Every structure is written in structure tokens, then in C-alpha cells.
Amino acid sequence: MDLNHRKATGEDRISNLPESLIHHILAFLEFKHVAQTRVLSKRWSYIWTSVPILDFVERAFYDPDSSHLQAHQFMDFVDGTLLGRDKMSDIHKFSLTQLNPLNEYRVSSWITNVTKRNVQELILSLSQEDPFIVPMSLCTCVSLISLEIGVTPSIRFPKFSFSKLKRLVLKGFQFSNECWNEKFFSECPVLEYLILEQCTYGVRNFYISSGTLKLLDIYQWEDSLRNCALKLHAPNLVYLNYRGRVAREFVLPNSPKLVDANVYFFEEHVATREQRISYGTSISQFLRALTHVKRLAVSDATLEVLSFADNLLENLPTFYNTKQLVVTVGEIDDKAVIALLKAIPNLESLIFDMVPPCSDDEEEDDVGGDDVGGELNYDNLILGVVTSGCLFVHLKSVCFNDFTATPREIKWMQLL
């Protein structure tokens, strides 16, 4: 049948597709748009009731004057959708995002509904007025593979057991019972990916124990880990991404498979010498647990702390296995970068993620002299590197991201 004939007969090619393929196409839409397809034809009037992916997203900005009405309309829509579904159809993914506070009982009933439909992926992003308590129906769901929960102001879990869960993302979670916390992640026997974002650690020691964990991502802007010891037992850990304030203590034994580590400590304003030494010592201890990684990424704030803490640059651990270094350089971190390069004797790839320009005075000072005010004299630096003969023996490639040929970048090129 040629194209002109199709146009003449008004053939509906999409409706003639297999139902599984139509479901796949609809999976790329928010569910409110999926539900609107029921007006298209007789066949479409029931297709939406068996779509396996339910994505309920309210992206409108929070408006206190209409939030109550918006929340009720949203909840009525979710209620109607779940009640009108084909009773024999499973739900593969259930995603719920809402900026307005919702009735906790109704949210819990939705979760209970989808857990009975063999849900495999659940995403919950809410802004509530009170802490949200996860219903027990979710904590015992045997079909769940991926779980992502972020609730403002916080969320709380009863004791749980996820036999098939491979990916867990917790945002705003409160870790408050140290004895229970030690066994928290061991109840997920196949967990591979763990992301903890803006959680509260009201414990002296925070344990993560998992024999299957491959990726750990911790993002922590607040200081709740500052007085907490972070203790990991993850022998199969491959990737570690740590962004935030440094923990009081960091313990990572027996992780021989860890090959990739990103260390992004946020800058802390520490005034006294004792505070600087304590903070720098914590970071140095963190780095000592990562000496066997093949790829290391370090932030400018981390380098700065190592620069102003006593004797830390002279006593860095040696990273014999590290082949690639990604470094973000701050305004006065060159000494720390050189010290770190000396601590990586087998480096093959060096990536400068960012090199900010020098100050005006530093741009004009090209020759001789001593370091002034903590700034680095590049000529003395180049001379020291050349005479030491310990850098760049195995280096194969250097990359400057966003290279703009600033005087500072040019001087680094001279050094290399």
C-alpha cells in the first residue's frame, strides 16, 4: 500500500501497532498526557489503563494561595488512575513528584496499591509539612529493584527487607539509631548502587556494610557528618563519589576492587590553627583509604585544606596504582597539586578540570623571588621539579578542560 493510499483511507498506523510497542511509546510521557489519549478511539479508551509506567509529576511552582486546591486535584487524579487500571496489569515503574503537601494516608495507600502490582521501580519526591513515614507495604515489597525517595523535611523507615533491591537513593533521610543503622543496608542482599543525599546522621558511627555494593555516592552539604565516623565494609566497591563536609573519621578496609574515587570536600571556614590541623588530618586520613584506586578526582577545596594544614603536603600517602588524576585547581592550590603529583609516581593521564586565572600581581611576576602570601612562584617551582626528577616519568596525556590560554595555564604547560 503506497503513501497516497494511506492518506486517502486515513489509516491509523500507530493504533495498529502491538500494544506492547504502544506502551513503550507512552512511557516517554507524563501520565496526565497518557490519560488524555483515551479520547482518541475505542481502542485507546482502554490502552491507558494497562500502561506499566505511571509517571505522576507536578512541575508547577509552589503557590500558597492555590496549593490546597492543586494538591486535591492531583490526589484525585492519582486515585482515579489507580482505581481505573486493569486489575491484571502489573506496574513496572511508579513515579510521584509533587511540590504541594499531600495527604500522607492517601500517599501510603498508593504505595500499597503499586506494591501489590509487582512494582519494580519506585520514585517518590515530595514536599510535606511533617516527616513522612514509609508504609510497611513498601518495606516488605519483594519485587522492588530500584527505590528512590526524597521527602522534605525528612523521611523515616520502619525496619525493612528488600530481597531484590539493586539501587537505593535516599534524600533527606534521618539516621538516628546507631545499633539499627549498623544492620540497615545488610537487609538488601543484592544492593549494588547506593546514593545518600542531604541525609541527617545523628549517630556517632555510621556503618555501611554490603558485600555486593559497587557504587557509593554521598552528597552532604550540611555538617551532620562532621562529628560522625564513616565506616564502610564493601569488598566489591568499584566507584566512590564523596561530595560534602569531611567526616570525623573515615574507615574503608578490604576494598581491593575500588578503582574510581571522586573526592570533593566543600570549603570550610576554619579560623584557628587547631581547627585547620584537625580538618586537614581528617582529609588526609580519607585519602589514605584510597591509595589503591586507578582514577582519582580531587576538588580545589580539598587541595586548599591540604595546603594550609601543617605538614600534610609533605606526608601525603603514595598512590602507586593511580593512573589518572582529575584535579580542580583553586586560586592558591599549585603547591598542593605538585605535592599530589609527586605522590602519584605512575601517573599516565592528567586532567585539569578548571584552572582559574592568576591575580593581577601574580601575572606580572614571572621571575625569581620567594613565595609571597601563600602564592606560588612558578620559576622556583619549575626548577624544583626539574632537579627532583620525580615527576611525569610515565605521563602520556594532559588535558585542560575549557582552556583559554591564561598566564596561569601557560605556566602549567611550561612546567609539563
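Analyst: The discussion below takes up aromatic pairs, sheets, a helix and cysteines.

Analyst: This is a predicted model, in which local features need pLDDT of at least 70 and side-chain atom pairs count only at pLDDT 80 or more, while totals for chains, interfaces and linings use all residues. Residues are numbered from 1 along each chain as its sequence is written, and side-chain values use heavy atoms, with hydrogens and water left out.

User: How many aromatic pairs does a search of the whole structure find?

Analyst: Rings of Phe, Tyr and Trp (its six-membered ring) pair if their centres lie within 6.5 Å; planes under 30 degrees apart count as stacked, over 60 as edge-to-face and the rest as tilted. Searching the whole structure gives 13 aromatic pairs. One of them joins F56 and F77 edge-to-face, at 5.8 Å centre to centre and 80 degrees between the planes. The partners come from distant parts of the chain, 21 residues apart: F56 is in strand β1 (residues 53-57) and F77 in helix α5 (residues 67-83). Helices (H or I, at least four residues) and strands (E, at least two) are DSSP runs, numbered from the N terminus.

User: Why does the pair of F250 and F286 count as stacked?

Analyst: The ring centres of F250 and F286 are 3.9 Å apart and the planes meet at 20 degrees, so the pair is stacked. F250 belongs to strand β13 (residues 249-251) and F286 to helix α9 (residues 273-288), so the contact ties together parts 36 residues apart in sequence. Both F250 and F286 are buried. Elsewhere, ring pairs link F173, F175, F185, Y201 and F206 into a cluster.

User: What is the order of the strands in the open sheet of three strands?

Analyst: Two strands pair if DSSP finds at least two bridges between them. The order in this sheet is β9-β11-β13, with parallel pairing. β9 (205-209) and β13 are the edge strands, each with a single partner, so one side of each has no neighbour in the sheet. From one strand to the next the twist averages 10 degrees; such axes are lines fitted to C-alpha atoms, for helices over the stretch in contact, and angles run from 0 to 180 degrees between N-to-C directions. Five bridges connect β9 with strand β11 (residues 229-233), and S209 has H233 in β11 as its bridge partner.

User: Which strands pair with β16?

Analyst: Strand β15 (residues 295-298) runs parallel to β16 and is joined to it by four bridges, with R295 opposite Q324. Strand β17 (residues 349-354) also pairs with β16 in the parallel sense, over five bridges; there L325 is partnered by L350. In β16 (residues 324-328), four of the five residues are buried.

User: Which residues of helix α14 are buried?

Analyst: In α14 (residues 407-415), the buried residues are R408, E409, K411, W412 and L415. Seen down the axis of α14, they fall within an arc of 160 degrees, so they line one face of the helix. The arc is that of the directions from the helix axis to the C-beta atoms.

User: How many disulfides does the search find?

Analyst: A disulfide is a covalent bond between the sulfur atoms of two cysteines, identified here as a pair of cysteine sulfur atoms within 2.5 Å. The search finds zero disulfides in the whole structure. Among the cysteines, C199 counts as buried at 2% relative accessibility, and C228 is buried with a relative accessible area of 0%.

Conventions. Buried < 20%, exposed > 50% of the residue type's maximum accessible area, 1.4 Å probe, protein only.
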